[in-house]
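Welcome, and thank you for taking a look at this one with me. Please have the sequence and the 3D view open while you read.

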Amino acid sequence: MTAALSPRLTAATTSRVLRQLRHDRRTVAMLLVLPGALLGLLYLIWSEIPPAPGQPETFDRVGLTMLGVFPFVVMFLVTSIAMLRERTSGTLERLLTTPLSRPELLLGYGAAFGLAAAVQALVTVTVAATVYDLDVAGPLALVVLIAVADAVLGVALGLLASAFASSEFQAVQLMPVVVLPQFFLCGLLVPREQLAGWLQVAGDVLPLTYAVDALQEVGGSTAATGTMWVDVGVVSGAALLALGLAAATLRRRTS
Amino acid sequence: MDAVAVTDLVVHRGAREVLAGIGCAVPTGQVTGLLGPSGSGKSTLLRAIVGVQQVRSGSVTVLGRPAGSAALRSRVGYVTQAPSVYADLTVRENARHFAALHGRGAAAAEAAITDVGLADAAGQLVQALSGGQRGRASLACALVGEPELLVLDEPTVGLDPVLREELWSRFHALAEAGTTLIVSSHVLDEAGRCDRLLLLREGRLLSDSTPDELRAATGTQDLDQAFLALVRTSAAVAAA
């Protein structure tokens, strides 16, 4: 592994991945429109149901959480398939014979899909705040920031997961394996303090828990809280760890 | 000095021995043909030379360094058997990407595209191209780095005779300019176009010679017949 990361080679990868995305107009359209549309469905589900006394609107709580979950899930799927394609098309083997290092390749991917996620989050948050009146106490810019951190986490886990899949069928099935336990335990379905002790511990070590917690912090206070920054730090750290593991599982020499 | 030196190379894939102790040398500035039937271990040997093959034992030295060294990656170009380019990018975008990885600009990308005769298709998506065009797009992505050693795995498969002729002229022009080329093929009629020949069968090297030496050693003008003669001799040696 090379000692220093080359920004030039990382940027070359980012620009290449974004160009591939640009040629796939339908995917771009789906990335931008689908999260907002699904959020609309959630809005309609709860629009006629009055909230429990003293509780915030259910849509405000669930909708805000979903702003973090969508980019995580979508980017996980997109990246694990993209990386699998690199493997099966022979382009990965070829890249590994060029001066591009493995961390540069993976960071390039992370940056490309992180940028895509930023645009997606801007659209979705704008739609949520204007069309569905999503009530967030803190600044919307922080919601976008957390959504991007979640997306990068999804990218990193997707890159790692693709090492354990040798076909698209396998890659797609890894999505529920990685995503659903984190979703079940993050506190959205059942408040975390009501979970059995060992399930709380399981939630404590899963990064999506911190992503959801960060969003709830923004939803509940007008300025960024220390807890929120710690949460964002944990999510980013988990993303870096996953990228490191993905680089380690990416073998230059194969049998 | 030889561009590539292979010593006692053994490669296993699962329980199967794919290369059974190969030793050979590839001289600098020549076109060396790696010939043998499908499944003889050609691609595995090429993968070992570019440093992406796990090897059991033996050594591969490329341009004076162990195969796969970081310092070699800007000096060696590799074209896999299946075209390894991005189908969802245009020919130009592919060439520019690999140019960027080698620290070269758009002009180098255009030159490489022209070299493989794809200038008219530069703006087309690779997935819209014919098989032969895809192969040439893949070749352009290796030429773009102007490597000292060019490793080509069956680059002429599926090409019409005119294009094949053009590519072989291109290979010899590169060799005259100092580039070392290793070109694999399972078509023996391409053997006569190489400066040197490595004949591989069932993971063993049958011959490492020039086409003329091979003809002289087997007493036949036809390289197809020469290959057959070598197979019979080695079978007789093995039986004895």
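The numbered points below go from confidence to the two chains, then to their contact and a few single residues.

1. A word on conventions. This is a predicted model, in which local features need pLDDT of at least 70 and side-chain atom pairs count only at pLDDT 80 or more, while totals for chains, interfaces and linings use all residues. Residues are numbered from 1 along each chain as its sequence is written, and chains are lettered from A and ligands numbered from 1 in the order in which they are written.

2. Confidence. The model scores ipTM 0.88 and pTM 0.89. Chain B has a mean pLDDT of 91, with 100% of its residues at 70 or more; pLDDT is the predictor's confidence in each residue, from 0 to 100. Within chain B, confidence is highest in α2(B), at 97, and lowest in helix α7 (residues 223–239), at a mean of 81.

3. Chain A as a whole. Chain A contains 10 helices and 0 strands, giving the pattern α-α-α-α-α-α-α-α-α-α along the sequence. Helices (H or I, at least four residues) and strands (E, at least two) are DSSP runs, numbered from the N terminus. Along its principal axes, the C-alpha trace of chain A spans about 65 × 40 × 35 Å.

4. Packing in chain A. Of the 255 residues in chain A, 44% are buried. A residue is buried if 20 or more other C-beta atoms lie within 10 Å of its own, exposed if 12 or fewer, and partly exposed in between, with C-beta atoms placed from the backbone. Among contacts in chain A with a separation of 6 or more, 81% join residues 24 or more positions apart; two residues are in contact if their C-beta atoms, placed from the backbone, lie within 7 Å.

5. Two alanines to find in chain A. A161(A) belongs to helix α6 (residues 140–161) of chain A and counts as buried because it has 24 C-beta neighbours inside 10 Å. Leaving aside neighbours within four places in sequence, A161(A) is in contact with S80(A), L174(A) and V178(A). A247(A) lies in helix α10 (residues 226–249) of chain A; its 18 C-beta neighbours inside 10 Å make it partly exposed. The C-alpha atoms of A247(A) and L107(A) are 9.7 Å apart, although 140 residues separate them along the chain.

6. The sheet of chain B. In chain B, 6 strands form an open sheet with mixed pairing, in the order β6-β7-β8-β3-β9-β10. Strands β6 (76–79) and β10 (204–209) of chain B stand at the edges with a single partner each, so one side of each has no neighbour in the sheet. From one strand to the next, the twist averages 15°. Strand β9 (residues 196–201) of chain B pairs with β10(B) in the antiparallel sense over 5 bridges; strands pair if DSSP finds at least two bridges between them.

7. Helices across the sheet. Helix α1 (residues 42–50) of chain B lies across β3 (31–35), β6, β7, β8 (180–185) and β9 of chain B, at about 155° to β7(B). Helix α6 (residues 211–218) of chain B lies across β9 and β10 of chain B, at about 110° to β10(B). Axes are lines fitted to C-alpha atoms, for helices over the stretch in contact, and angles run from 0 to 180 degrees between N-to-C directions.

8. Where the chains meet. How many residues does the contact take from each chain? Chain B gives 26 residues and chain A gives 22 residues. On the side of chain B that touches chain A, β6 and α2 (91–101) of chain B are the elements that give two or more residues, and α2(B) has the largest share, 5 residues.

9. One loop residue in chain B. E148(B) sits in the loop between α4 (131–143) and β7 (149–153) of chain B. E148(B) counts as partly exposed, because it has 18 C-beta neighbours inside 10 Å. Beyond neighbours within four places in sequence, E148(B) is in contact with L63(B), R75(B), T179(B) and T180(B).
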